[in-house]
Amino acid sequence: MTDTRWLETATGRILLRQESARVRLVLDSLFGDQFLQIGAWGGHEFQRYARTKRSTVTGGTVSEAVDLVTAPDCLGIANDSIDVVLLPHVLEASDDPHGVLRELDRVLRSDGHIVILGFNPVSLWGLRHLLSRRRFPPGLRRLVSEHRLRDWLRLLNFSVDHSSFHYFAA
């Protein structure tokens, strides 16, 4: 999975602050009983914006940033039990992004929402990722284009309500 220590660098802190502002806007209109963040990117930073009764952050290893240790493609969570799922750069770090999405399809309620954070591969971030031999930011395996992600979501009968890009410069 992603090495979240990178977020402690100057560039990482700026990116996390900007992503946090975007996630706050999105989560402000999403309600329910259960919020689930898959992956420890940002720790509990995003969790504080959840407008649900309960919230949980999962990760692959024990840490202060993780409430539940589990693999993103095998969550050990009841079917149809989650209202809002946040995937901060999980698909980019996963060996099996399709498996992650299938698992979300299983645990997400029929009226649930998924919020996905990712880097645009056709951007300066994408170029930097490519030129660093896929080691920037650390732990990311591949950047997923919006077109490809929409195809994957369509195959699982998800609808995309909104997508947005924002420019980040460090």
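Two strands count as paired if DSSP finds at least two bridges between them. Helices (H or I, at least four residues) and strands (E, at least two) are DSSP runs, numbered from the N terminus. The model is predicted: local features need pLDDT of at least 70, side-chain atom pairs count only at pLDDT 80 or more, and totals for chains, interfaces and linings use all residues. Residues are numbered from 1 along each chain as its sequence is written, and side-chain values use heavy atoms, with hydrogens and water left out.

An open sheet of 5 strands has the order β3-β2-β1-β4-β5, with parallel pairing. Because β3 (68–69) and β5 (108–117) stand at the edges with a single partner strand each, one side of each is left without a neighbour in the sheet.

| Strand pair | Sense | Bridges |
|---|---|---|
| β1 and β2 | parallel | 7 bridges |
| β1 and β4 | parallel | 3 bridges |
| β2 and β3 | parallel | 2 bridges |

Leu-36 has Thr-56 as its bridge partner in β2 and Val-85 as its bridge partner in β4. For Gly-59, the bridge partner in β3 is Val-69.

Helix α1 (residues 10–27) lies across β1, β2 (51–59), β4 and β5, and runs at about 160° to β5. Such angles, from 0 to 180 degrees, are taken between N-to-C directions of lines fitted to C-alpha atoms, for helices over the stretch in contact, where contact means heavy atoms within 4.5 Å.

Helix α4 (residues 124–131) contains Leu-124.
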